[in-house]
Amino acid sequence: MSGTYIELSESSLARFRNQGGFHMLGSDRTKLETEADFERARKVAKELDLDGLVFIGGFDTNTNAMYAAENFKVHNVKTNVVSVPSTIDGDLRNEQLQTSIGFDTVTKVYAELIANLGYDAYSAKKSYHFCRLMGRHASHVALEVALQTRPNMCLLGEEVRRRMLTLAEITSEIADLICERAAVDKNYGVLVVPEGLIEFIPDVNDLLKELNELLAKGHNDRSTIVPELSESARATFSALPDSFGTQLLFERDPHGNVQLSRIEVERLLMETVKKELSERKARGAYKGSFSAIPHYFGYEGRCALPTNFDCNYGYALGHTAGALLESSNSGYAVSVSDLTSAPEKWECGGYPLTMMMSIERRKGASGAVVNRSLVNLDGIAFKVFKEQRVNWRLTEDYRTSGPIQHFDQMADTLNFTLQANIC
């Protein structure tokens, strides 16, 4: 948007190969919203005489790409626009897009960390590890990591929504697990939750919607916000720990989203579970000891050296993006399929970004955005998880694949989710 650029050459790219590359490209959260934004984009595209422009990113970035392609076409700007899906959350997935680059790497990094905690809990036998993983609007990361590591409990937002579980009911289910383990003298374990869990809890999500509307209208103080809430939302807000209520009022990101990385849902659950266990102990229904340690695994994963799969996938996506632009295609997302085969057998192409669109409300207004792909509760990956998790509750069947490998036997192992989705 500023017109800043560098010319790439083989030598300048050499030290970034197979390194991930975003430390070369950088990151930006700019949203194309106003006519001034589009006018500035058109101006830069013309000044640089761009034949093509590649957007690399997740769900918001692909929305920007669609709007830019449309706007350039309407204003007769020659620059064609394509997008490369790139999000660790795994929420860009559909019939044409089997996975997004980064998901394989980040889930394997988190799996190593969670497995380490599992063996720590098993060794020390004194603490529960409450682990929050990246995954703003979908629980794909949490599901894959659970399949990789076998924690004692993993909550998935999509299942919470289907079952219409309230915060109190979630707390009770976690407390049930802890009581069951305490009954066999196991006061330790591992729990995994996605960072976006709170948006799937019905009573908390209703509260968030009202808060978003009020914040969009300029309300920014608890004293002015609380009186404007509905009775049910006000009751939910009042029942939350003060620190967590404050986190819900944090400034939204440039897209109007709650900044979920700043909301410590693992600490919220630790507090509510601790209170529930204290009440059960007073009634004589719980005789164990409860000590919990919170963890948030976020940036540790997205900055990691990529797996062999993501390296190969990145090359394929880049070459395909170039081919689409060279053929004067605009408004397309890059697609590479048959990903469980050897890379030389992958099939490359593209599909219109409009196939991914729906209407969503943001900042108090409705607009077209790229669809999110949620965990399919009728899919193979979830069915395997649901069948196996019963065996994980009271055992220490923690699984570790160790650090990411780039050579030999384990180097090209595919993640479980990708294999299940393509089956």
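This is a predicted model: local features need pLDDT of at least 70, side-chain atom pairs count only at pLDDT 80 or more; totals for chains, interfaces and linings use all residues.
The model holds eight aromatic pairs in total. One of them joins Tyr 313 and Trp 346, whose ring centres are 6.1 Å apart and whose planes stand at 85°, so this pair is classed as edge-to-face, given that planes over 60 degrees apart fall in that class. Tyr 313 belongs to helix α15 (residues 308-326), while Trp 346 sits in the loop between β7 (332-337) and β8 (347-352), so the pair ties together parts that are 33 residues apart in sequence. Tyr 313 is buried, with a relative accessible area of 0%. Trp 346 is buried too, at 11%, because the cut-off for that label is under 20%. Elsewhere, one aromatic cluster is formed by Tyr 128, Phe 130 and Phe 290.

Aromatic faces also receive charged side chains. Arg 93 lies over the face of Phe 103, at 5.5 Å from the centre of the ring. Likewise, the face of Tyr 188 has Arg 181 over it, here at 5.2 Å from the ring centre.

On the α3 side, the contact is made by Glu 35, Phe 38, Ala 41, Arg 42 and Ala 45, and on the α4 side by Tyr 67, Ala 68, Asn 71 and Phe 72.

Helix α6 (residues 140-149) meets helix α16 (residues 380-392), with axes that come within 10 Å and cross at roughly 50°. That angle makes α6 oblique to α16. The crossing of α6 and α16 is left-handed. From α6, the residues in contact are Leu 143, Ala 146 and Leu 147, and their partners in α16 are Ala 381, Phe 382, Val 384, Phe 385 and Trp 392.

A further packed pair consists of helix α8 (residues 167-183) and helix α13 (residues 265-283), which pack at an angle of about 65° with their axes 9 Å apart. For α8 and α13 the crossing is right-handed. The α8 residues that take part include Leu 167, Ile 170, Ile 174, Ala 175, Asp 176 and Cys 179, and those of α13 include Leu 268, Leu 269, Thr 272, Val 273, Glu 276 and Arg 280.

Methods
Residues are numbered from 1 along each chain as its sequence is written. Side-chain values use heavy atoms; hydrogens and water are left out. Rings of Phe, Tyr and Trp (its six-membered ring) pair if their centres lie within 6.5 Å; planes under 30 degrees apart count as stacked, over 60 as edge-to-face and the rest as tilted. Helices (H or I, at least four residues) and strands (E, at least two) are DSSP runs, numbered from the N terminus. Buried means under 20% relative accessible area, exposed over 50%, partly exposed in between (1.4 Å probe, protein chains only). A charge sits over a ring if NZ of Lys or CZ of Arg is within 6 Å of the ring centre and within 35 degrees of the ring normal. Axes are lines fitted to C-alpha atoms, for helices over the stretch in contact, and angles run from 0 to 180 degrees between N-to-C directions. Angles under 35 degrees count as roughly parallel, over 145 as roughly antiparallel, 65 to 115 as roughly perpendicular and the rest as oblique. A crossing is left-handed if the near helix is turned anticlockwise from the far one by less than a right angle, and right-handed if clockwise. Contact means heavy atoms within 4.5 Å.
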